[in-house]
Amino acid sequence: MTPQPFRLPDGGRISRGAPLAFRFDGVAYQGYRGDTLASALLAAGVHQTSTSVRLGRPRGIFTAGVEEPNAIVQIEAPFPEPMLPATTVELYDGLVAGGLPGQGRLATEPDPARYDARYAHCDVLVVGAGPAGLAAAAAAARTGARVILADDQPEPGGSLLGTAEIPDWAAETGSELDAASEARVLRRTMVFGYYDDNYLLAAERRTNHLGSQAPSRLSRERIWHIRARQVVLATGAHERSVAFAGNDRPGVMLAAAARTYVNRYAVAPGRRAVVFTTGDSAYCAALDLAAAGVDVAAVVDARPEPGGAAERAARAGIEVLAGHAVTGTSGEPRVASVAVRALCAAELTGPAREFAADLLLVSGGWNPVAHLFSQAGGQLRYDAGLGAFVPDGCRQAVRVAGAARGVFDLPGCLADGAEAGRRAAEDAGFTAARPLPPTSAAGSAERSAPSAHLWVVPGPDGFGTHFVDLQRDVTVADLARATGAGLRSVEHLKRYTTAGTAHDQGKTSGVLTSGVIAQLLGVEVAELGTTTFRPPYTPVSFAALAGRNRGVLHDPVRVTALHDWHLAHGARFENVGQWHRPWYYPRDGEDMAAAVARECRAAREGVAFMDASTLGKIDVQGPDAGDFLDRLYTNMISTLRVGMIRYGVMCRADGMVFDDGTVIRLAEDRFLLTTTTGNAAAVLDWMEEWLQTEWPDLRAHCTSVTEQWATVALVGPRSREVLAGLAPQLAVDACSFPFMAWRETAVAGIPARVCRISFSGELAYEINVLPWYATALWEALYEAGRPLGITPYGTETMHVLRAEKGYPIVGQDTDGTVTPQDLGMGWVVSKKKRDFIGKRSHLRADTGRADRKQLVALLPQDDVLLPEGAQLVAGDRLADPPVPMLGHITSSYRSVALGRTFALALVRSGRERVGERLYVPVGEELIPVTVTGPVLYDPEGARRDG
Amino acid sequence: MLLIPCPWCGPRDEAEFGYGGQAHVPYPEDPTALTDEEWARYLFFRNNPKGPHPERWCHAAGCRRWFNAVRNTATNEILAVYRVGEPRPVIV
């Protein structure tokens with residue numbers, strides 16, 4: 001086990017009593033509970049975590065948080081997870097990880113963890129539990145408002161966690177909120193998306209930090225869907241770097257990050273440090289590091305007059321170089337020395353000085369974390385005083401508090417947060433009952449100097465190692481090349497250089513990039529603006545987003561009342577929409593073709609039956625129901641007599657076929673219509689839309705009854721015998737019970753509605769019963785039909801039978817461009833009706849063209865089974881591209897009844913081409929086919945009455 | 001995700017609704033009286049404004065009622081909702 005040479009002897013928010021063993025890049029290390037992977041590596045003296053993606057340069061830990069551009073790792077155990085910043089991975093026992101130069105790897109085995117989702121509403125959502133967020137949440141909660149406080153860290157405190165002394169009230173406020181009945185504190189929860197109307201998404205890491213110790217009863221991550229009346233964003237600020245030569249070397253670190261490592265994790269990130277800053281905040285880091293025993297060689301301050309903080313550092317014995325800049329680093333791979341020169345009016349002057357150092361802290365200023373605010377539609381404004389973009393206006397009910405809007409001192413953040421929380425609660429309808437508690441932090445009397453805004457340190461030797469985006473390896477030289485090529489917009493520059501497009505989405509580099517570009521173009525940063533912030537703020541795993549909606553729960557599965565019978569009898573299933581339908585029922589040793597051939601033969605020669613329960617069924621009632629259906633269907637429905645059935649087609653207003661099915665007239669004011677299985681919901685929507693929006697005066701109402709009826713199709717020349725045996729009260733002869741009639745009777749003692757409908761051309765019945773009688777009916781039919789060889793059949797046989805008869809399936813043989821006339825079904829389009837949906841479109845010149853694609857059948861040569869979707873061309877040799885296409889195959893089967901293969905196709909001027917030879921390119925071959933009319937089997941319709 | 005105030009049910013998540021395109025495009029009284037171009041305008045032509053836009057929505061996973069909403073297409077704000085048959089409110 002490697003010791004922890006850089007661990008400080010005391011302090012920090014780690015549990016020295018809980019040592020944790022882990023491996024990184026094959027080496028065993030030890031850290032403590034409370035560490036991140038990054039802090040544990042630094043404690044072991046490991047700075048470099050990998051090399052950069054494009055240039056292969058050594059790169060080390062650069063930050064202490066989610067903004068990390070460099071230290072991206074692959075978790076290998078206990079479960080593989082790619083592309084995590086080491087700065088956000090809480091250390092656990094048994095962690096195995098490695099550095100990633102670029103892409104990570106997904107697990108090859110299924111993820112055993114569970115993920116889920118929660119939905120929540122609140123009056124005030126506070127994002128961020130730093131000083132401003134805690135103050136806001138406390139102020140809002142004290143009004144009685146329902147408050148959610150979400151923060152990505154394990155404990156509240158925010159930036160205070162990285163300081164030497166955390167005031168007690170941070171933990172106390174957290175406890176107060178935990179105890180409040182209307183408040184909820186979400187720890188380890190990253191709010192990553194801000195959408196319309198204050199809808200925010202957050203990812204809660206519930207067991208990630210426990211490694212293999214994670215209890216399996218808990219979900220690993222949880223996505224919170226939060227709808228908030230008011231939002232307070234207290235998301236803090238990210239420190240940014242400065243572009244200078246060699247600013248990417250391991251050992252270069254943001255100043256506040258180093259301060260966090262010392263104070264929170266009790267780790268010295270180096271032995272001897274140089275601090276390069278443009279403002280006051282880095283002095284806190286310098287002093288905290290010095291107090292922890294790190295030798296601070298110098299503070300290099302770009303400002304000529306640094307103010308009180310510098311005086312404090314000087315009193316502590318730290319050399320302060322005012323008006324200086326770091327011009328370069330050297331050392332392989334880690335920083336060993338730092339070069340410094342005086343900086344005057346943006347020019348380097350004077351002699352160079354070299355400082356031996358293994359750590360270079362950089363602070364180029366602070367960027368308010370405005371990502372969520374920007375996602376919400378908020379505008380950003382460049383504040384020249386702060387040298388940063390700050391939130392401006394937003395139409396959503398959102399406030400920004402603390403550092404996220406450029407308030408950087410602690411008393412200011414507390415007051416700002418409390419005010420934002422109180423006002424948010426008031427806007428949500430609550431009254432601040434108690435006066436605001438006094439803030440405990442006292443203001444500083446120190447004379448602070450404004451920050452300098454330094455983006456680039458002049459580089460006498462060019463700008464090839466002045467990095468702006470560490471993760472994408474983008475330098476000032478790259479940006480200069482892009483502006484030199486004429487690019488002006490930050491959005492274009494981003495895409496041209498890829499700056500800001502990496503995994504970290506430019507959290508540390510975005511504003512620096514804008515600043516450098518502004519300098520290159522000689523414009524104000526305010527004019528340039530920023531690139532667009534889009535969700536997610538940090539990467540979210542697909543597993544977390546999917547939650548429980550995986551595997552069998554991915555999509556609802558619908559099964560019929562007969563499903564168990566189908567399962568027990570070896571059915572193979574196919575998905576039709578959400579339905580699982582029996583596809584075919586193979587017997588021992590049968591393949592699909594053999595089973596389908598047997599099922600087809602039974603239906604054409606004897607008797608067969610299928611479960612047709614999935615057909616959509618809509619009950620339409622009311623005095624105007626007939627009139628309503630006349631307007632929907634292309635044919636006349638209102639003239640249908642009670643007791644009879646009519647086939648009908650519906651078109652969209654553009655005249656194209658939308659659905660087809662049968663209409664049963666149950667009573668003068670009541671119809672039952674069927675739809676195609678996959679279209680049931682769409683047809684009901686369509687009917688309700690017209691009733692409500694165009695014809696609210698029509699007295700008609702629609703109800704879906706798809707699942708209220710089980711339907712069994714009994715098919716074949718001997719089906720009448722089977723029915724007659726089970727329905728003694730029913731006169732089954734063709735005269736008494738003609739085609740397209742329905743009767744109510746008892747079948748096997750079960751109340752049933754029997755319809756003489758055929759989707760095969762054979763004598764056939766559709767028997768409808770309440771679904772809880774379905775199995776009894778089915779088994780009675782099976783038993784009664786057994787002497788006649790009754791055969792259950794599935795959807796494949798149904799398709800073959802209907803295709804032999806040229807019956808189209810809407811959605812298979814049609815798409816949104818096919819009229820009833822194209823299908824050769826002009827007979828179903830009423831000439832008498834004044835209007836129906838689609839009628840006017842059938843009168844357009846285009847729908848009357850003779851060269852439209854029309855439904856025909858094809859007889860392929862040599863019994864080839866043509867692939868559905870294949871194209872049709874003229875001539876036995878392909879023309880030069882683009883090859884003129886005449887149409888395509890929509891259905892293709894092998895037919896027992898015809899003794900050959902056949903296909904249905906939509907073909908340009910198809911009906912005129914009957915008898916013509918066309919060709920189907922399949923692979924390298926051209927298969928000859930002969931065009932025929934679509935009805936290949938029993939064109940006279942002689943078999944319908946048995 | 002929008003919070004859409006259904007005029008029958010109150011505010012509900014956008015996920016419960018279906019979108020029905022531009023409102024106030026009535027089915028012509030007598031389609032046969034229209035020229036092909038006029039019919040095509042009814043079928044295919046819709047406004048695409050940046051700003052307030054009257055639209056049809058259906059509370060498909062709720063009360064299943066169609067209603068109209070005026071939405072600012074630039075900001076996604078729903079400025080008004082009103083039931084079928086009610087006049088379009090004046091948006092100032």
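Tutor: Let us start with how the elements get their labels: helices and strands are DSSP runs, numbered from the N terminus. Please keep in mind as we go that this is a predicted model.

Student: Is A:Asn208 buried or exposed?

Tutor: The general idea is that a residue counts as buried when its relative accessible area is under 20%. A:Asn208 has a relative accessible area of 14%, and therefore it counts as buried.

Student: How many residues of helix α20 of chain A are buried?

Tutor: A helix can be read residue by residue, and in α20 (residues 795–804) of chain A ten of the ten residues are buried, so that the helix is mostly covered. Among them are A:Met798, A:Val800 and A:Leu801, but also A:Glu796 and A:Arg802. The buried residues of α20(A) pack against several elements of chain A, including α15 (592–605), β44 (887–895) and β45 (900–908). Just after α20(A) comes A:Gly806, which takes a positive phi of about 75°.

Student: How many residues does each chain bring to the contact between chain A and chain B?

Tutor: An interface can be read by its members and by its area; here chain A gives 25 residues and chain B gives 25 residues. About 2300 Å² is buried between the two chains, with 47% of that area coming from carbon and sulfur atoms. On the side of chain A, the residues that lose the most area to chain B are A:Arg395, A:Gln692 and A:Arg840, which together make up 27% of what that side buries.

Student: Which polar links cross the interface of chain A and chain B?

Tutor: The rule finds five salt bridges across this interface, as well as 18 residue pairs in polar contact. In one salt bridge, the side chain of A:Arg227 meets that of B:Asp13 at 2.3 Å, N to O. As for the elements involved, α17 (680–693) and α21 (839–842) of chain A each supply at least two residues of the side that touches chain B, and α17(A) has the largest share, with seven residues. By class, that side of chain A has nine nonpolar, three polar and 13 charged residues.

Note on methods: Residues numbered from 1 in each chain as written. Chains lettered and ligands numbered in written order. Predicted model: local features only at pLDDT ≥ 70, side-chain atom pairs only at ≥ 80, totals over all residues. Heavy atoms only, no water. Contact = heavy atoms within 4.5 Å. Buried area = accessible area lost by both parts, 1.4 Å probe. Salt bridge = Lys/Arg side-chain N within 4 Å of Asp/Glu carboxyl O. Polar contact = N/O pair within 3.5 Å; in protein donor to acceptor, adjacent residues only side chain to side chain. Helix = DSSP H or I, 4+ residues; strand = E, 2+ residues; numbered from the N terminus. Nonpolar A, V, L, I, M, F, W, Y, C, P; charged D, E, K, R; others polar. Buried < 20%, exposed > 50% of the residue type's maximum accessible area, 1.4 Å probe, protein only.
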